[in-house]
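Please consider the sequence and the structure shown here.

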Amino acid sequence: MWTSSLEAISPIALIKIRSLLAFAIPFFLIVLLWRRYWTLRDIPGPLPAAFTRLWHARIIKNGTHARDITALHLQLGHFVRISPDEVSVGHPDGPRKLLLEALPKGYWYKTLTFPDSTYKTPMATVDPKEKIERSRLLASAYTTSSLLQSEQAINTQVELLMRWMDEHAASSMSMDLSKFFTFIAYDIMGEVIFSKSFGFLEKGGDIENSLQQGLEFGAYVAVLPYFPWLQGLLVSPLFASFFRLVMPSNYVVDRSIRALEQRKQNPDARFDYVAHWLRTHESHPDKLTAKDVQAAATSNISAGADTVTCALQSFIYHTIRHPTVWRRLQDEIDEVAAEKQQQEEESASQEHPIFSFAVAQKLPYLQACIKECMRICPPSTIGLQRVAPPEGITIGDRTFKAGTVLSVHLPSMLLSEELWGAGARDFVPERWLGNDKKTAALDKYFIPFGLGYNSCVGQNLVRIELSKILPTIVRRYDISLVNPGQEWTYKTYVAAVPGNWPVYIKRRGVDRNAVIGCHVS
């Protein structure tokens with residue numbers, strides 16, 4: 001077959017093909033040899049990574065890149081070559097040298113623009129000064145005082161979650177908390193962004209196959225930006241409308257577009273994220289455009305929901321696997337609840353107690369467990385890329401020349417025995433208790449939200465959600481794994497996606513009318 005095909009080609013065409021191959025093959029080999037033996041040649045790493053980004057893309061697509069790269073750091077040291085042009089950094093000085101300095105972000109960020117490349121977000125802005133300016137225009141929505149205006153709406157979502165947990169407790173049926181944590185995380189994002197939940201908890205199930213689409217979207221966002229020419233094509237205005245029909249971003253993008261339009265028509269909306277941004281848009285339409293508002297809404301939905309659902313799962317999963325931790329949490333919470341009830345007897349008629357953020361801040365062991373669950377399973381797992389400045393940069397005993405792409409690998413940093421001691425991989429909330437000097441030393445390396453000018457803008461909301469949902473659950477229920485010896489499974493894309501740890505729920509024998517902070521009427 002091949003012979004007949006070649007015979008059909010004219011002699012002149014054959015000469016051209018052979019000439020092209022004669023040039024292309026040596027050129028290709030030279031590029032490979034250049035990558036392997038000249039660029040970053042002294043940085044250890046998997047052999048395929050020296051030649052192509054495909055090795056890195058494969059482990060991201062498989063959802064194993066966090067543990068694989070962490071294992072490589074454990075084996076090879078502070079610096080690991082993960083592609084022809086990128087070095088993963090696990091050195092203790094990495095965060096300070098790379099994230100706290102105003103260094104440009106790497107090319108992975110450039111194409112994180114949805115619905116298409118004309119929608120600009122701070123995340124996709126690689127120049128530090130421009131990124132800081134874009135973030136400043138959106139920042140008022142993310143302050144704790146602004147977010148607490150939605151505390152009552154968050155309470156409503158927590159009450160819906162408890163109704164489902166009560167049903168499972170009454171029926172003695174096992175419950176997949178990982179799904180319901182995803183539901184509440186998305187619904188709260190709907191409330192704080194658009195003053196309206198997406199309805200997952202009302203339904204008690206998925207909507208428009210969004211969970212599966214969310215997983216596919218996570219893999220897509222994690223991998224394709226490493227191939228800027230392809231990602232740039234997919235988000236270009238010319239092709240984006242077509243690719244949105246087949247890409248897994250369809251749900252997130254379309255839902256955010258519809259939600260924003262509905263929000264603009266809602267006269268009863270709270271002063272939510274959109275209200276802040278529309279006010280800035282009206283004052284400075286040239287600086288924060290209507291497309292910028294849409295881009296901010298779209299990017300915040302998945303980023304916020306993924307972070308919270310991971311942290312909720314990590315907290316419950318790890319604390320119920322350590323019965324002494326769970327009992328200590330309940331003792332601390334019960335004590336505060338009893339004090340609160342004595343102070344507010346007139347409010348004791350309320351049926352569903354929801355912790356207020358203010359009260360939860362007074363629970364040191366709870367806050368220690370929250371920090372530990374985010375350390376041992378950080379929500380963000382993708383490398384935080386920065387580009388070495390013109391004068392180069394020295395980290396530890398290595399100097400990297402200008403233009404080198406260096407990425408701080410959070411899982412490696414947060415599980416490093418060098419930083420956290422021999423029990424770095426153990427869940428030990430007590431490490432966060434003690435004198436201020438000790439905890440300050442740990443806080444230096446506690447960076448699940450990143451660090452510097454590109455740190456997570458939603459971290460205040462994450463803290464509020466965790467501080468309200470988790471103590472409410474711990475006080476109200478006893479939770480046990482269906483299969484006590486079974487470990488959870490998780491995939492890592494941009495964020496960690498845990499799952500597969502079904503539980504039994506049991507109501508505790510406590511006064512249902514006890515008061516803790518705010519309540520849902």
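The account below turns to a sheet and then to salt bridges in this predicted model.

Strands of a sheet pair through backbone hydrogen bonds, either parallel or antiparallel. Here, 4 strands make up an open sheet with mixed pairing, arranged in the order S1-S2-S6-S3. Strand S1 (79-83) and strand S3 (384-387) are the edge strands, each pairing on one side only. From one strand to the next, the twist averages 35°. Helix H5 (residues 65-76) packs on this sheet, where it touches S1 and strand S2 (86-89); the direction of H5 makes about 140° with that of S1.

Side chains of opposite charge can pair when their charged atoms come close. The whole structure contains 22 salt bridges. One of them joins arginine 53 and aspartate 85, at 3.4 Å from N to O. This pair links distant parts of the chain, 32 residues apart: arginine 53 belongs to the loop between helix H3 (47-51) and helix H4 (54-61), and aspartate 85 to the loop between S1 and S2. Arginine 53 is buried, at 7% relative accessible area, whereas aspartate 85 is partly exposed, at 31%.

Another salt bridge connects arginine 475 with aspartate 334, with 3.4 Å between the closest N and O atoms. Because arginine 475 lies in helix H24 (residues 459-476) and aspartate 334 in helix H18 (residues 323-343), the pair ties together parts 141 residues apart in sequence. Arginine 475 is buried, with a relative accessible area of 10%.

Definitions and conventions:
Residues numbered from 1 in each chain as written. Predicted model: local features only at pLDDT ≥ 70, side-chain atom pairs only at ≥ 80, totals over all residues. Heavy atoms only, no water. Pairing = 2+ DSSP bridges. Helix = DSSP H or I, 4+ residues; strand = E, 2+ residues; numbered from the N terminus. Axes fitted to C-alpha atoms, helices over the stretch in contact; angles between N-to-C directions. Contact = heavy atoms within 4.5 Å. Salt bridge = Lys/Arg side-chain N within 4 Å of Asp/Glu carboxyl O. Buried < 20%, exposed > 50% of the residue type's maximum accessible area, 1.4 Å probe, protein only.
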